[in-house]
Amino acid sequence: MAAPSWRLGSTPAVPGAPPPVDSRAVRLPRLSWPLSPVPVVTKYFDAPETPYGAGHRGVDLAAVPGQEVLAADAGVVVFAGVVAGRPVMSVDHDGGLRTTYEPVQPSVAVGEQVYRGQVLGTVLAGHPGCAVAACLHWGVRRGDEYIDPLALTVEDGEYRLKPWGGGP
């Protein structure tokens, strides 16, 4: 009798079926951090109540002037210019996401294909409200909707609720 073609604890292969999924597989976050090492967040995302309302449509990340800014994912540079007096870069990614970075001195050109982790440019000093030497404002949109970038950088994890008091 021939031994089965699968190991104990695995699912046998079924012709035409997709391979079994290993529940221990590591899931990568949708986006990687635009600075390395992982920076301190100096100001968090605050979604506006209306499309033109007040809010903070991204996060501010502590940096140093001249620090390299990295592409959060593979994509195409769609903008590198000045908006409201500030140098801004935007990259379009699969799935309808667009990341923005400011203030940045670009080292890539509009239309250029970039890969995850590629240097896009360097952080410039002068971001308004920054409490440290320099901050990178990092934003994400899907269509016209602004999304909290931190929600796309964190790996899914297992959460346990802790009792409020006195419980086991």
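User: What pattern does the protein follow, read along the sequence?

Analyst: Along the sequence the pattern is β-β-β-β-β-β-β-β-β-β-β. The protein has 11 strands and 0 helices. Keep in mind that this is a predicted model.

User: How should I read the pairing of strands in a sheet?

Analyst: Within a sheet, strands pair through backbone hydrogen bonds, and the pairing is either parallel or antiparallel.

User: How many bridges join β7 and β9?

Analyst: β7 and β9 (residues 119-123) are joined in the antiparallel sense over 3 bridges. To place this pairing on the model, look at Q105, which stands opposite T122 in β9.

User: Which strands does β4 pair with?

Analyst: β4 (residues 75-83) runs antiparallel to β8 (residues 113-114), with 2 bridges between the strands. There, V76 has Q113 of β8 as its bridge partner. β4 also pairs with β5, again in the antiparallel sense, over 7 bridges. In that pairing V83 stands opposite R86 in β5.

User: How many residues lie between β4 and β5 in their hairpin?

Analyst: The hairpin of β4 and β5 has 2 residues between the strands. One point to check in the turn is A84, whose phi is positive, at about 50°.

User: What are the partners of β2?

Analyst: β2 pairs with β1 in the antiparallel sense over 2 bridges, and V41 has L61 in β2 as its bridge partner. β2 also pairs with β10, antiparallel and over 5 bridges. For that pairing, find D60, whose bridge partner in β10 is H137.

User: Is β2 mostly covered or mostly open?

Analyst: β2 is mostly covered, with 4 of its 5 residues buried. For the protein as a whole, buried residues make up 32% of the 168 residues.

User: Where is G55 found, and how far is G55 from F45?

Analyst: G55 is in the loop between β1 and β2. With a relative accessible area of 36%, G55 is partly exposed. G55 and F45 are 10 residues apart in sequence, and their C-alpha atoms are 7.8 Å apart in space.

User: Which residues have the most contacts inside the largest nonpolar core?

Analyst: Y101 and L120 have the most contacts inside the largest nonpolar core, which has 27 residues. At least two residues of this core come from each of β2 (59-63), β5 (86-92), β6 (97-102), β9 and β10. β10 gives the most, with 4 residues.

User: How is a pair of aromatic rings described?

Analyst: Such a pair is described by the distance of the centres and the angle of the planes. The structure holds 1 aromatic pair. The ring centres of W33 and W138 are 6.2 Å apart and the planes are at 40°, so this pair is tilted. W33 is in the segment before β1 (41-43), and W138 is in β10 (residues 134-142), so the pair ties together parts that are 105 residues apart in sequence.

User: Are W33 and W138 buried or exposed?

Analyst: W33 counts as partly exposed, at 22% relative accessibility. W138 is buried, with a relative accessible area of 0%.

User: Which charged residues lie over the ring of Y146?

Analyst: R57 has its charged end over the ring of Y146, 5.6 Å from the ring centre. R141 also lies over the face of Y146, at 5.9 Å from the ring centre.

User: How many disulfides does the structure hold?

Analyst: The structure holds 1 disulfide. C130 and C135 form this link, and their sulfur atoms are 2.1 Å apart. The angle about the S-S bond is 75°, and the link of C130 and C135 is right-handed. Both C130 and C135 are buried.

Key
Residues are numbered from 1 along each chain as its sequence is written. This is a predicted model: local features need pLDDT of at least 70, side-chain atom pairs count only at pLDDT 80 or more; totals for chains, interfaces and linings use all residues. Side-chain values use heavy atoms; hydrogens and water are left out. Two strands pair if DSSP finds at least two bridges between them. Rings of Phe, Tyr and Trp (its six-membered ring) pair if their centres lie within 6.5 Å; planes under 30 degrees apart count as stacked, over 60 as edge-to-face and the rest as tilted. Buried means under 20% relative accessible area, exposed over 50%, partly exposed in between (1.4 Å probe, protein chains only). A charge sits over a ring if NZ of Lys or CZ of Arg is within 6 Å of the ring centre and within 35 degrees of the ring normal. A nonpolar core is a set of buried Ala, Val, Leu, Ile, Met, Phe, Trp, Tyr and Cys residues joined through side-chain atoms within 4.5 Å. A disulfide is a pair of cysteine sulfur atoms within 2.5 Å.
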